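Subject: Structure handover and contact notes

Dear colleague,

The structure is below, followed by notes on what was found in it. Please read the two together.

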Amino acid sequence: VQLQASGGGLVQAGDSLRLSCAASGRIFSTYVMAWFRQAPGKEREFAASITQNGARTNYANSVKGRFTISRDNVNNMLYLQMDSLKPEDTAVYYCAAGPFPGWNQHNYGYWGQGTQVTVSS
């Protein structure tokens with residue numbers, strides 16, 4: 001499956017942003033999908049995941065209550081709604097696909113190219 005992330009940008013603290021990830025290739029609905037992020041000078045970290053049918057979601061504590069992951073299996077799209085953004089949310093955000101849920105990036109074999117999110121204070 002090929003993944004293409006988009007929707008990043010420069011926003012102010014407290015603003016909202018919605019990231020999108022378009023999938024093509026093998027059947028999108030068979031994959032667990034996730035968002036990871038990597039801040040400058042830091043390792044890539046898990047942000048959120050969603051199961052194949054969207055029934056279960058999981059969030060990192062740092063984004064829980066502010067971010068919402070969702071998917072559209074008809075149009076092969078993954079989303080991340082980010083509300084109440086903070087400067088510490090500044091990072092490159094990556095969408096990823098894998099066979100089963102988890103916070104470990106090694107669970108995911110397919111990655112998008114990343115989209116930059118910058119939150120100013």
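Which side chains meet in a salt bridge with an N to O distance of 2.7 Å, one of them being Asp89? The partner of Asp89 is Arg66, and the bridge runs from N to O at 2.7 Å. Arg66 sits in the loop between β6 (57-59) and β7 (67-72) and Asp89 in the loop between β8 and β9, so this pair ties together parts that are 23 residues apart in sequence. Both Arg66 and Asp89 are buried.

Before the rest, the conventions. The model is predicted: local features need pLDDT of at least 70 and side-chain atom pairs count only at pLDDT 80 or more, while totals for chains, interfaces and linings use all residues. Residues are numbered from 1 along each chain as its sequence is written, and side-chain values use heavy atoms, with hydrogens and water left out.

Strands (E, at least two residues) and helices (H or I, at least four) are DSSP runs, numbered from the N terminus. Buried stands for under 20% relative accessible area, exposed for over 50%, and partly exposed for what lies in between, with a 1.4 Å probe and protein chains only. A salt bridge is a side-chain nitrogen of Lys or Arg within 4 Å of a carboxyl oxygen of Asp or Glu.

Salt bridges

By that rule the count is three. Asp89 also forms a salt bridge with Arg37, where the closest N and O atoms are 2.9 Å apart. Arg37 belongs to strand β4 (residues 32-38) and Asp89 to the loop between β8 and β9, so the pair ties together parts that are 52 residues apart in sequence. Arg37 is buried at a relative accessible area of 5%, and Asp89 is buried as well. Arg37 forms a further salt bridge with Glu45, with 2.7 Å between the closest N and O atoms. Glu45 counts as partly exposed, at 36% relative accessibility. Taken together, Arg37, Glu45, Arg66 and Asp89 are linked in a network of salt bridges.

Thr90

Thr90 is in the loop between β8 (77-82) and β9 (91-98). Its relative accessible area is 18%, so Thr90 is buried. Two polar contacts of its side chain are listed here (a pair of N or O atoms within 3.5 Å; within protein, one must be able to donate a hydrogen and the other to accept it, and residues adjacent in sequence count only if both atoms are side-chain atoms). A polar atom of the Thr90 side chain lies 2.9 Å from the backbone oxygen of Pro87. The side chain of Thr90 also reaches the backbone nitrogen of Val119, at 2.9 Å. Leaving aside residues up to four places away in sequence, Thr90 touches Ala39, Pro40, Gln116, Val117, Thr118 and Val119, where contact means heavy atoms within 4.5 Å.

Disulfide

How many disulfides does a search of the whole structure find? The search finds one, a disulfide being a pair of cysteine sulfur atoms within 2.5 Å. Cys21 is joined to Cys95, with an S to S distance of 2.2 Å. The torsion about the S-S bond is about 65°, so this disulfide is right-handed. Cys21 is in strand β3 (residues 17-24) and Cys95 in strand β9, so that distant parts of the chain, 74 residues apart, are linked.

Rings of Phe, Tyr and Trp (its six-membered ring) pair if their centres lie within 6.5 Å; planes under 30 degrees apart count as stacked, over 60 as edge-to-face and the rest as tilted. The structure holds five aromatic pairs. Phe36 and Tyr108 form an edge-to-face pair, 5.4 Å centre to centre with 70° between the planes. Phe36 lies in strand β4 and Tyr108 in the loop between β9 and β10 (110-111), so this pair ties together parts that are 72 residues apart in sequence. Phe36 is buried at 1% relative accessibility, and Tyr108 is buried at 4%.

The ring centres of Tyr94 and Trp111 are 6.5 Å apart and the planes stand at 80°, so this pair is edge-to-face. Tyr94 is in strand β9 and Trp111 in strand β10, 17 residues apart. Tyr94 counts as buried at 16% relative accessibility, whereas Trp111 counts as partly exposed at 25%. Phe36, Phe46, Tyr94, Tyr108 and Trp111 form one aromatic cluster.

Arg18 lies over the face of Tyr79, 3.9 Å from the ring centre. The charged end of Arg44 is over the ring of Tyr94, at 4.8 Å from its centre.

Regards

How values were computed. Lys NZ or Arg CZ within 6 Å of the ring centre and 35° of its normal.
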